[in-house]
Amino acid sequence: MATKTTGKPAAGKNARPFYANHSAAQLKEALRRMYLIRRFEEMAEESYVRGLTHGTMHLSVGQEATAVGACMDLSNADYITSTHRGHGHCIGKGAEVKFMFAEFFGKEEGYCRGRGGSMHIADPATGNLGANGIVGGGLPLATGAALAIKQRKGKDVAICFFGDGAQNEGAFHEALNMAAVWKLPVVYVCENNQYGMSVSTARSTAVKDVATRAIAYNMPGVTVDGNSIADVNEAVSAAIERARNGEGPSLVECKTYRTKGHSRSDRNRYRSKEEIEEWKGKDPIPAFEKDLEAHGIASRSEIDAIREAVEKEVQDGFNFATSGTNPTPDSLLRGVTTTDDIAMGVEA
Amino acid sequence: MSDIRELSFSAAVQEALAQAMEADERVFLMGEDIGVYGGAFQVTGDLVHRFGEDRVRDTPIAELGGAGVAVGAAVAGARPVYEFQFSDFATLAMEQIVNQAAKMRFMLGGKVSVPVVFRMPCGSGTGAAAQHSQSLEAWFGHVPGLKVVEASTPEDAKGLLLAAIDDPDPVLVFEHKLLYKVKGHVPAGMYRTPIGKAVVRREGKHATVVAAAIMVHKALEAAEILAKEGIDIEVIDLRTIRPIDGPTIIESVKKTSRLACVYEGVKTLGIGAEISALVAESEAFDYLDAPILRLGGSESPIPYSPILEKAAVPQTDGIVESLRDLVKGRI
Amino acid sequence: MAAEVILPKVDMDMTTGTIAVWHVKDGDTVKKGQPLFDIETDKAAMEIESPADGVIRIGNAPVKAVVPIGTVVAMIYGAGEEPKAFSGAPAAVASPAADAAPAGPAALLPVVAPAVDATGKARATPLARRLARQQGISLAALAGTGPRGRIVAADLANARPAPAAASTTAGTAIASGMSTEAVKALYEAGSYSVTPLDGMRRTIAQRLVQSKQTVPHFYLTASCTLDELLAIRERLNAHAPKGEDKQPLWKLSVNDFIIKALALALQRVPAANVTFTDEGILQHRVSDVGVAVAIEGGLFTPVIRAAETKSLSRISIEMKELAAKARARQLKPADYQGGTSAVSNLGMFGVEQFNAIINPPHATILAVGAGVETFVPVNRQPVLKTQMKATLSCDHRAVDGAVGAQLLKAFRELVEEPALMMA
């Protein structure tokens, strides 16, 4: 497969492609990003609970394997579009947590200068076109980014993250149809965490697996274990390769689970404690650590060192953000249009 | 080479599209039936033969997806021009226009721009009834992050469209369907009509009429009729609905002391309401010598019957009467 | 809130209407929807219903008079409101048809309704308010010609003491008895030419209509013997100092004496040195005397400020300058605004006596005729004297008959014994 593997493969040829096609450094970086997502979100939640941040947030604790696995083989020239539950995608695509914290705290240093907040975190420099407050909002956008790539005859791809809720929106169907008709280089990655807010996919969706909807749009569709970074990465990598080869779009459904509520105000009335506990037992991070150890890619002490480094990065990021610069009210119109920016004498 | 030549409004639009595509590879067109069919109003015509199907791209009948794909392509570096077959169909794409295109630059801290253009054939007078005849400029004019333009002449149709394609922000270009066949002088070169600048089409001293698109023509007709009675009307062609050109309007009202707004969209909460408020809030307030007048579309959907359809939007006769009353101090 | 009862527009092209009959009396309790009056239009009569419940106060609304649509003809006061007498008078724009009943007192009603509404606030456009502020004119003193008595910019132009440059609001209708079409129909086509109204003519027309129809005029005439004045004038002119060009520096006219005499008379009778406003009577301290100056196509009324303090020669020099500026149409607002009275002298045309129209905001104007040699009885013997008739027009709202008579008496004394002007 077309990989971005750097260095020596981490495991032998008999190992599954995920381990055979990535270097040890890449895999350890993947683990680091999963930790980073987890600890960033836990810290963010704590800040919220303590009343230090403004507005709500949607946590993806338990879904880290999907975000990191799907983004591992992308460069900054490749695009992603994200969802309202987008912290993982952002870090998976290479964002720095200090600028994300700064955004949470509404500071000028934030990725969106404090104008977007949790629900609109974006880092265009790494190809991340942004989280989205509208369910299904990113589907046409990623498709459009793929069309732009095709128009300029580029080899880049667009990855479109969306949830099980979005695949009942009209935008999903319109976007997938167009991408298939025009053979656009886009990979639709459905994070099926099984609930659209409180309504389960069983109650909202006519098909058992979202991936079967790919049939309607004449594109490959696969369902994988979203809590296995290897499963996610292998399926998405195959789809990326198809896209880069001009063979068109694919749909990858990653079955996963958010162990936290929909948002901070969720009282979990629609699911049982047993169900949540069961999925906590399928936590993707310890499972990946175990595999890394089993393949001899990372030792326990290396893993501990990664955890400690993440801990420090998160703490430093938090401190960076709390000492950030507050926007001034006179900058309210900044970024509304380029005309406003020119009038204000600022550069984008 | 003579620069004095006449083109129809639709030919002027087509020329702008062709010149923009010639000049910049990133520019491409999307829309329903814009390819071999030539567009519902034959605006794209045979451009598909000149530029190929990739750059004059027929889309499925899917306005939300189509508009959204255009927005995504714009964010990713392309310069798409998306044609709504009728601007009424933009209601299907409100999410992508209002939540995504308009807000993306702001939400992302000014780090991206969204150079997408939506072409919006609008207006009544074709017997297409309620779902194909609306004038929804004011809806979009209410959304920060969008720019809304609307030409009254072939020259501005080309100039405003080229300016819209150049503009780094999302621009909705409204085109009144009854103007497509109107002919006028159109320079051959690639010129831009500045967005955000109105123009005084006729100077006068007794009242200012602010109008857009086809209403500019009706206001000018009314002004000619009134001129014979010694009433001298100044007519401002708005050209840009957002950002609106306050200074031009305010200066004019300071001169004439009377203001009438003439627009085809529904009167209530329409363009005229905004202009009235803008003047009332400005230094021009102290120069008003009569109440401000709004002549807008009726508080009804556009009807099918030609009699009713005509009655639903301002017509020249009614404009003449209202302006006469305004200037004679009868309101 | 008190509800206004207006004369409504009931036909598309209707601009005036006539109340045919009232169905209720002043002070009646009325119910919303109850017929209040019948309106006659060009086409048909129509019953007009009450817009509210309450006690109706009907103004002196004339039956059978033609009234502009939108005119408030009555007020209805709801529970808890004091049903004040309604003073608003509808504007009769034209007398009713010739065969209608002879005009009674109603025909004397002003054309223009006061622009003050039931709350006591003046209705005025923003431009009119701004102009009034700039010119220091009280809106309450003005009558509005706009709908429902609204004061518009043109009304401010009218309120100026003298016509200024062309009004910016050309097109404003001037109240007139007949439409242009009706007037033209009386003359054979081609038997006349039409000179368009210029700004000055329009302004003169508007403000004199306004004055004559809103200011209640009365007139007092006295004969003044001029012999002493003429003798003094001759002596003074004979001794006028000469400039480098050997020409006299000044030459007093009879009118210069009249200006000074009127100014001093106004000081002797302060009750006549006033202006009427709704708020109260403005009592002026100095005597600013306007002087009508005829020019081609119209007239101006420049003002000699504090004329009581100025020497005759000073008045003479100033008057010559102002008249020259007026003929060159170079007067500035400061040259003609304000004033407390005015002199209009047609003696040079041989006119012996006439009545002048008051120039608001003045309270009086003195119309001066020619000096005429007349035999008058002195000690029962006829003696030839030069007599001049002076007629004082007074605004009765501010100046009553006795006050006007005192002013005229003082003026006469000063003219007949000019040495008193030096006292």
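The legends below describe close-up views of a predicted model.

Residues are numbered from 1 along each chain as its sequence is written, while chains are lettered from A and ligands numbered from 1 in the order in which they are written. Local features need pLDDT of at least 70 and side-chain atom pairs count only at pLDDT 80 or more, whereas totals for chains, interfaces and linings use all residues.

**View 1. Chain B touches chain A.** The contact involves 37 residues of chain B and 38 residues of chain A; two residues are in contact if their C-beta atoms, placed from the backbone, lie within 7 Å. On the chain B side, α3 (63-75) and α4 (94-107) each supply at least two residues. Helices (H or I, at least four residues) and strands (E, at least two) are DSSP runs, numbered from the N terminus. The most comes from α3(B), with nine residues. By class, this side of chain B has 19 nonpolar, twelve polar and six charged residues. Here Ala, Val, Leu, Ile, Met, Phe, Trp, Tyr, Cys and Pro count as nonpolar, Asp, Glu, Lys and Arg as charged, and the others, Gly among them, as polar.

**View 2. A five-stranded open sheet in chain B.** Its strands follow the order β9-β11-β10-β13-β14, and the pairing is mixed; two strands pair if DSSP finds at least two bridges between them. At the edges are β9 (199-202) and β14 (293-297) of chain B, each pairing on one side only. Neighbouring strands of the sheet are turned by 25 degrees against each other on average, direction ignored. Between β9(B) and β11 (residues 233-237) of chain B there are three bridges, and the two run antiparallel. Within β11(B), B:D237 stands opposite B:V199. Helix α7 (residues 214-227) of chain B packs on the sheet, touching β9, β10 (207-211), β11 and β13 (259-266), and its direction makes about 170 degrees with that of β11(B). Axes are lines fitted to C-alpha atoms, for helices over the stretch in contact, and angles run from 0 to 180 degrees between N-to-C directions.

**View 3. Helix α9 of chain B and its two faces.** This helix (residues 271-281) lies across β10, β13 and β14 of chain B, at about 155 degrees to β13(B). In α9(B), B:I271, B:G272, B:I275 and B:V279 are buried (20 or more other C-beta atoms within 10 Å of a residue's own; exposed means 12 or fewer, and partly exposed lies in between; C-beta atoms are placed from the backbone). These residues are on the same side of α9(B) because they cover an arc of only 95 degrees around the axis; the arc is that of the directions from the helix axis to the C-beta atoms. Their cover includes α8 (246-256) and β12 (240-242) of chain B. The face turned away from the buried side carries the exposed residues B:A277 and B:E281.

**View 4. A four-stranded open sheet in chain C.** The strand order is β1-β8-β6-β3, with antiparallel pairing. Its edge strands are β1 (3-6) and β3 (29-30) of chain C. Four bridges join β6 (residues 54-58) and β8 (residues 72-77) of chain C. The bridge partner of C:V55 in β8(C) is C:Y77.

**View 5. The loop residue C:E279.** C:E279 lies between β10 (274-276) and β11 (281-283) of chain C. It counts as exposed because it has 10 C-beta neighbours inside 10 Å. Leaving aside neighbours within four places in sequence, C:E279 is in contact with C:S138 and C:A140.
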